[in-house]
Amino acid sequence: MSEQGTTARAQVALVTGASSGIGRATARALAARGWSLVLCARSADGLAAVEAECVAAGAPALAVPTDVGDRGRVEDAFAAATERFGRVDAVVNSAAVVGYGRFEDVPAEVYDRVVTTNLLGTANVARAALAHFKEHGGGRLVLIGSLLGKIAVPFMSPYVTSKWGVQALARTLQVEARETPGIQVSLVSPGSINTPAYLQAANYAGWEGRPPPPIDPPEKVAAAVLRCLDRPRRDEGVGVFNPVVVLGFRMLPALYDLLVTPLAKVGALSRRALEPFAGTVFEPRPAAEEVHGVWDRWGRRRSEAPPSGTGAQSGATGDPGPATRAGGGA
Ligand SMILES: NC(=O)c1ccc[n+]([C@@H]2O[C@H](COP(=O)([O-])OP(=O)(O)OC[C@H]3O[C@@H](n4cnc5c(N)ncnc54)[C@H](OP(=O)(O)O)[C@@H]3O)[C@@H](O)[C@H]2O)c1
């Protein structure tokens, strides 16, 4: 009860990418803290599962199927959230898709859609969030960037391009937010996280992607998001070696360029052969959505997940096991 004797209003968070991986772990963590949730992703089926998890945890939840690349649908999601809960206190943008392959092997439409979802989608969510916060007296925006928003790796050009853009947008919004008291913008930059993203990725590299070790659980990123909601942070990294990798990229570019491609071939691509595959870039695959992926901390498969592409080749050799970092987690 508040001092006035009325029941305190539960805080409301809108989470995009809520049906899988980091977004879903964040929705669960917020539900456990007593927040009300507005859950966004493209697939209604995927959202139904996380909505049920939140409700089971005692958190009111509203699933709003939304493509973040569609500005009108993002605005509709905020309108639905306002109608149900009155206002949104915090927005966490976790929606993204991944594309593997050398730049010239990735179809232009795939490249464009990855950038549209990850970068323009972030802009659409940020624009709607900031307008909502201005109207309602403030709020907290957390953008999920990536270690790959700070370094370059081969075979992931659409994703790397998009995440450098997210990094730039986040820092710009943080600077501009200094003139709008009550509005706070944080960036969370994970390294390798064990989520389904690698198996959901579009792939024109010939080999299935995987997170280079060491690999952290999505709950660790969710905890970083919650820290940002408690106290805004300019750039909250998740991944013990991220600062070293960024330092090497910036301070020793010739050595970095020499090493990164061989390391990526071993650490970021498995030995499971794949036919070209568009993954979730154009359409969701809700049956493959989970909080966790299939890897342990050192990149070994803990389970025989279904192959990521319909074109996975049956004669693929086994996984080569642990390899070193700097190959590029998503
Ligand atoms: N996993 C890592 O190692 C890692 C590392 C660094 C950064 N990150 C970042 O962390 C965030 C979450 O990634 P994750 O690993 O949790 O991925 P994930 O498990 O594949 O989840 C991606 C989520 O985004 C949603 N999504 C995809 N396209 C969308 C669209 N156009 N509109 C709305 N929702 C969309 C997906 O649902 P639908 O398909 O149903 O839309 C799903 O809920 C991303 O920003 C990613 O770049 C991940």
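Trainee: In which helix is valine 125 found?

Mentor: Valine 125 is in helix α4. A helix here is a DSSP run of H or I with at least four residues, a strand is a run of E with at least two, and both are numbered from the N terminus. This is a predicted model, in which local features need pLDDT of at least 70 and side-chain atom pairs count only at pLDDT 80 or more, while totals for chains, interfaces and linings use all residues. Residues are numbered from 1 along each chain as its sequence is written.

Trainee: Why does valine 125 count as buried?

Mentor: A residue is buried if 20 or more other C-beta atoms lie within 10 Å of its own, exposed if 12 or fewer, and partly exposed in between, with C-beta atoms placed from the backbone. Valine 125 has 27 C-beta neighbours inside 10 Å, so it counts as buried.

Trainee: Which residues does valine 125 touch, leaving out those up to four places away in sequence?

Mentor: They are Thr16, Val68, Val74, Val91 and Asn93. Touching means contact: two C-beta atoms, placed from the backbone, within 7 Å.

Trainee: Why is alanine 52 called exposed?

Mentor: Alanine 52 has 12 other C-beta atoms within 10 Å, so the exposed class applies. Alanine 52 belongs to helix α2, residues 44-56. From alanine 52 to arginine 271 is 219 residues in sequence and 37 Å in space, C-alpha to C-alpha.

Trainee: How do you know that tyrosine 100 is buried?

Mentor: Tyrosine 100 has 31 other C-beta atoms within 10 Å, and is therefore buried. Tyrosine 100 lies in strand β5, residues 99-100. Its contacts beyond four places in sequence include Phe155, Met156, Ala201 and Tyr204.

Trainee: Which bond joins proline 213 and proline 214?

Mentor: A cis peptide bond, with omega about 0 degrees. Proline 214 is in the loop between β9 (207-209) and α7 (218-230).

Trainee: How does the reach of helix α5 compare with the expected span?

Mentor: The expected span is 1.5 Å times one less than the number of residues. Helix α5, residues 157-177, has 21 residues and reaches 30 Å from its first C-alpha to its last, close to the expected 30 Å. Its buried residues include Pro158, Tyr159, Val166 and Leu173. Among the elements that cover the buried residues of α5 are β5, α4, β6 (139-144) and β7 (183-190).

Trainee: What surrounds the ligand?

Mentor: There are 37 residues around the ligand, and the closest are Gly17, Gly21, Arg42, Thr195 and Pro284. A residue belongs there if its C-beta atom, placed from the backbone, lies within 6 Å of the molecule. Elements giving two or more residues to this shell are α1 (21-32), α4 (108-135) and α6 (197-200). Of the elements, α1 gives the most, with three residues.

Trainee: What does UniProt place at residues 11-196?

Mentor: The unreviewed UniProt entry places the feature "domain: Ketoreductase" there. Such annotations may be inferred rather than shown by experiment. The span is 48% helix and 19% strand.

Trainee: How many helices and strands does the chain have, and what makes the chain as compact as a globular protein of its length?

Mentor: The chain has nine helices and 11 strands. Its radius of gyration is 19 Å, close to the 20 Å that the globule rule gives for 330 residues, so the chain is as compact as a globular protein of that length. The radius is taken over C-alpha atoms, and the rule is 2.2 Å times the number of residues to the power 0.38. Of the 330 residues, 53% count as buried.
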